[in-house]
Every structure is written in C-alpha cells, then in structure tokens.
Amino acid sequence: MNWSNLVAQMFNGLVLGALLALISSGLTIIYGTLGVLNLAHGAMFMIGGYAGYLAFEATGSYPIAVVAGAALVMVLGILIERVIVRHFYGRPAEDQILVTFGLGIVFVELVRLGFGSLSRSVPPPSWAQGVTSLGFTVYPTYRLVVVGIVAVALLILYLVLYRTRLGMIVRAGIEDSVMVDSLGINVYRVFMVVFGIGAMAAGFAGIVNAPVASLTPDVGESIMIETFVVVVIGGVGSFPGAILGGLIAGQILSLTSIVDPGYSYVMLFAAMTIVLLVRPRGLLGSRSRD
Amino acid sequence: MSLLEVHGLNAYYGDSHILFDVALEVAEHEVVALLGRNGAGKSTTLKSLMGVVTPRTGSVKLDGMEIAGSKSHVIAQAGMQLVHEERRIFGSLNVEENLVLAGHTAPNRWPLSRIYEMFPRLRERRSSRGTDLSGGEQQMLAIARALVRDPRIVLLDEPFEGLAPILVHELLATCRNLAEAGQTIIVVEQNISAAMSLADRAYIINNGHIVESLTAQQMRDNPDVLHRHLGV
C-alpha cells in the first residue's frame, strides 16, 4: 500500500461518510421526534434509487432523476406515516420495530417483483464522467460531485432545522413532543412532515449513490445497519451527531477495507461499543430516550 | 355557567385507577387551589384536564365546549395551559424561541414586550438556551410560555417547588398580580400558605377523590379540616 492509495481510500471514505451522514440525519430526526425507529429507512434509500432510475430512463436527465427520486420518497414517507406508522405511536417499541421492518421487506420484494434481482445502473451526468486529477492521484469525478451534492443537501437540511419556524418546532419536538402538543401545535402533523423529510433524505442519497454503486433491491440492507450505527455513535436525535458519526463511520469502513474488507463491520461495531462505553448518549447526543 | 366544569372524571395509569369521579368547577376570574398529599392525584387531575393523560370517562367542559378525550393541542387552542411541575423548558431553544414557539398558534398572543415587562429577568436572558437557566428562571419561563398564549385558564402544578424563599415571594407576587388582573387559575401546591394566599377557594383531593370543597374563609376558620386531610 502506498500513500496515494491511502488518500484515495480516505476519499472513498469521505464519499461513503457523506452519504451515511445524509441518510442518518433522516433516521435520527425521525427517531428523535416520533420515537419510532424506522427500520424501513434502508428501503427508502433503495426506492429513491429506483425512482431516480425510472425518471432517468424516461427523461435522460440527471437533475430530473434526483428531484423525482427525492420527491417520490417524500410522498411515500408521508403516506407510510399517515396510513401505518401513526397507529403505532402509542404502542410498544417492539411493535414499531416489527411493523417498519416488515414494511422494509415488503418494499424490497415489491421492487424485486417489478425490476428483478439483476442490478441496474444509472450513469453519472455527462459533465461529471471520467476522472479528475488531485495532483497526487486521479479520482472519479462523479464521486467528488457526490460529496458536493450531499454537502449542499445537508446545508439545506441544516437551514431548515435551525433557521426556520418549522425547524424550531421540529427541534423542540425532538426534545419533548408532548410539550409541543400542549402548546397548541398539532404535533401529529409535525410527525408527518418529519417522516416525509427523513425519508426524503434517504431517497435523495439513494439516487445520488446510484451511479457510484449498482442498484439492486437489497442495496438498502447494509446501508440500514451502517446508518443505525451512525445514529448511535452520533447521538440519537442529534443532527450534527449524524453528520459527525457518518463521516467517522465512512472512514472506518473505508480504511479497514485496505487491510481486510471482512473486518470493516467488526471495526465499525467496535467503534460504536467504545463510544457507548465512554459516552452512552453518543458523541453529540444530549439525552437518552426512555 | 362556570368557565370550567368537570364531572365524573376517571383516569388510569395502565390498570391502576388514579382519579375517581373527580368533579370541580371554576368560575371565570377565579383562583382555585387543589390541595392534597403526595400521590393524591393532584398532578394527574391537571394532566387529565390538559389531555396529557387521557381520561377514560367523564366530562370536561371549557366555556361549554367538551374537551375530555381531545388531544392536548386542541385543548390548548381552546384556551387552557398547563405549567408542568417539571417545567419542561426546551433546553436547545433559547428563552425567546421558547416563547415564540408557545405563541405560534395562539390568535391573541401577548407581545413579547408584555411578557418581558412581567418578567424582566427573562428579557435579560432572552438569548440564553433553556439548559443554561437557573431553576427560578426556568419556572418564570414556564409560566411566561403559558401566558404568552393568552389562555382562558392556567393550571399551575407546584409552581413554587424547589425555589429559594425570595424567588417564591417574587413569583407569588407575580401570580397575585395575574389573579387581580382577572386570570383564571387552578394551582396545585404543597406550600399551603402560598396556595391559600392566592386562592379564592380550594378543593381537597385524597386518594383520587375530591373530599372537600371550601372557600378561603372556611379554610382559615377550620384549620382542623386541613389537618385532617393534609396533616398540617
């Protein structure tokens, strides 16, 4: 292994970390606000990819594919919340986990039914094909673009959460949704919006990632596990925590792969264990959920 | 007609029956104390009125509108506010954001200047995050957050608990001003003398049953009633 190989691998870690940060911020605001661990979140990532793929096939336009993928998953998220998840707010965590896990399976199998198990690919947009020289090494241009796109998406999410009235309500809801309701704000409507935005974050990541990795119905499964670990490392309900956790997890997974890819999950879970031992609420978590 | 009319209210935590046919009435501009020992059901009564705990049976009418079983935001929009014993300040929001959030859906919300006039300390601390406030400041903010909605009735759950005597004195004066200005209040308080200095009337609750209903004068004239039910 040489130096440029290491740096290239760190760039790979950055791409993966950025995607994980975006997907995890969706999962963490949903769990923080609703108290529901959405195990269908990986399926939202996958469906975003397929929705974008269909839109790309129909129009040949990458921007349309990204917008369509994200928008469709947002609508799907709102539907899931309205039709199914809202009936589980008053029920035990096991029930919530089982129903979202089941939903995830249903979505994966429906997509498999429609598209088969063979992988599909979405090419990068023409302006982002090829490689870019970083001086010491060359690197696929589109992967650099992914980091930029995800950074912009995270910035928008940050502005919505920290600079708007809706964001203020969501942050208050993450802390104490009962109190938000007592102050005359229909917290169930907030839940619906948060579920939609959270799902959209995953769907957006799914379509942006499609040109990097090929698209299969189970592409969301490993992402779901990694995302869950990221949320735990960063601190449940913490948006900055999801970003920090995502970047850390991306580097761990990527750098371990230099030595032996088989150990990357071992290292990821080891990191999570250490964080939990030192800071049980996660790196930037402010409180534990009861 | 009373502003608040409660009849046959029964509430449960899981299988345990906490409130038994609670009935009470509060007229507009009246301050009513709800007294009782620890675990008598005082907080549960307030939470059931606010919809934080959903009563299983019974009727709660606010200005003639049935609100029992409604969600808290509906009850809040009907004009009720509960100041929780635990204060429940949003620690990640600053003082002003806590107030803005509270007034968000209130049609006749108070201007913040009016809140800051009543609680000058909150004006000084308006950019401080909720987590950085002292206990007394948190209590002021909790009360201010209810008032900013211009509620018809405010439920205060142990507002003076855990505060230094000087702060109790200060907050008590604020509450008395509110009462004199015509604010309808139900106050739950362990500090009987503080509660009685505010209240026109009191209900005594014991094991989830309302056992006495007295005017302030009757309470002063019959200290043995307090002694019997509250051990004071």
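Predicted model: local features only at pLDDT ≥ 70, side-chain atom pairs only at ≥ 80, totals over all residues.
Student: Where do I begin with chain A, and how many helices and strands does it have?

Tutor: Begin with the inventory. Chain A has 10 helices and 2 strands. Read from the N terminus, its elements run α-α-α-α-β-β-α-α-α-α-α-α. The radius of gyration of chain A is 19 Å, close to the 19 Å that the globule rule gives for 290 residues, so chain A is as compact as a globular protein of that length.

Student: What are the spans of chain A along its principal axes?

Tutor: The C-alpha trace of chain A spans about 60 × 50 × 35 Å along those axes.

Student: What share of the residues in chain A is buried?

Tutor: A residue is called buried when its relative accessible area is under 20%. In chain A, buried residues make up 53% of the 290 residues. The surface can be described as well: chain A exposes about 12,300 Å², and carbon and sulfur atoms supply 69% of that area.

Student: What share of the contacts in chain A is between residues 24 or more positions apart?

Tutor: Take the contacts in chain A with a separation of 6 or more. Residues 24 or more positions apart account for 77% of them. A:Gly102 lies in helix α4 (residues 93–115) of chain A. With a relative accessibility of 27%, A:Gly102 counts as partly exposed.

Student: Which residues form a nonpolar patch on the surface?

Tutor: A:Val75, A:Leu79 and A:Val83 do, with about 270 Å² of accessible area together. A:Val83 belongs to helix α3 (residues 62–83) of chain A. Exposed means over 50% relative accessible area. A:Val83 has 52%, so this residue is exposed.

Student: Now a helix in chain B. How far apart are the end C-alpha atoms of helix α6 of chain B?

Tutor: They are 18 Å apart. Helix α6 (residues 135–147) of chain B has 13 residues, which at 1.5 Å a residue should span 18 Å, so the two values agree.

Student: Is α6(B) largely enclosed or largely exposed?

Tutor: Count its buried residues. In α6(B), 12 of the 13 residues are buried, so the helix is largely enclosed by the rest of the structure. The buried residues include B:Met140, B:Leu141 and B:Ile143, and also B:Glu137 and B:Arg145.

Student: Why can charged side chains pair?

Tutor: Side chains of opposite charge can pair when their charged atoms come close. This structure holds 15 salt bridges over all chains. One of them is formed by the side chains of B:Arg88 and A:Asp176, at 2.8 Å from N to O. B:Arg88 lies in the loop between β6 (80–83) and α3 (95–103) of chain B and A:Asp176 in helix α6 (residues 165–182) of chain A, so the pair joins two chains. B:Arg88 and A:Asp176 are both buried.

Student: What does B:Arg125 pair with?

Tutor: B:Arg125 forms a salt bridge with B:Glu137, at 3.2 Å from N to O. B:Arg125 lies in the loop between α5 and α6 of chain B and B:Glu137 in helix α6, so the pair ties together parts that are 12 residues apart in sequence. B:Glu137 is buried, with a relative accessible area of 6%. Salt bridges that share partners join B:Arg121, B:Glu124, B:Arg125 and B:Glu137 into one network.

Student: Last, the backbone angles. Which residues other than glycine have a positive phi?

Tutor: Two examples will do. B:Arg88 has a positive phi of about 50° and is not a glycine. B:Glu158, also not a glycine, has a positive phi near 50°. B:Glu158 is found in the loop between β7 (153–157) and α7 (165–180) of chain B. At 4% relative accessibility, B:Glu158 counts as buried.

How values were computed: Residues numbered from 1 in each chain as written. Chains lettered and ligands numbered in written order. Heavy atoms only, no water. Patch = residues over 30% accessible without salt bridge, like charges linked within 9 Å, V, L, I, M, F, W, Y side chains within 5 Å. Areas by Shrake-Rupley, 256 points an atom, 1.4 Å probe, with all protein chains shown as cover. Salt bridge = Lys/Arg side-chain N within 4 Å of Asp/Glu carboxyl O. Helix = DSSP H or I, 4+ residues; strand = E, 2+ residues; numbered from the N terminus. Buried < 20%, exposed > 50% of the residue type's maximum accessible area, 1.4 Å probe, protein only. Rg over C-alpha atoms; globule rule 2.2 N^0.38 Å. Contact = heavy atoms within 4.5 Å. Expected span 1.5 Å × (residues − 1).
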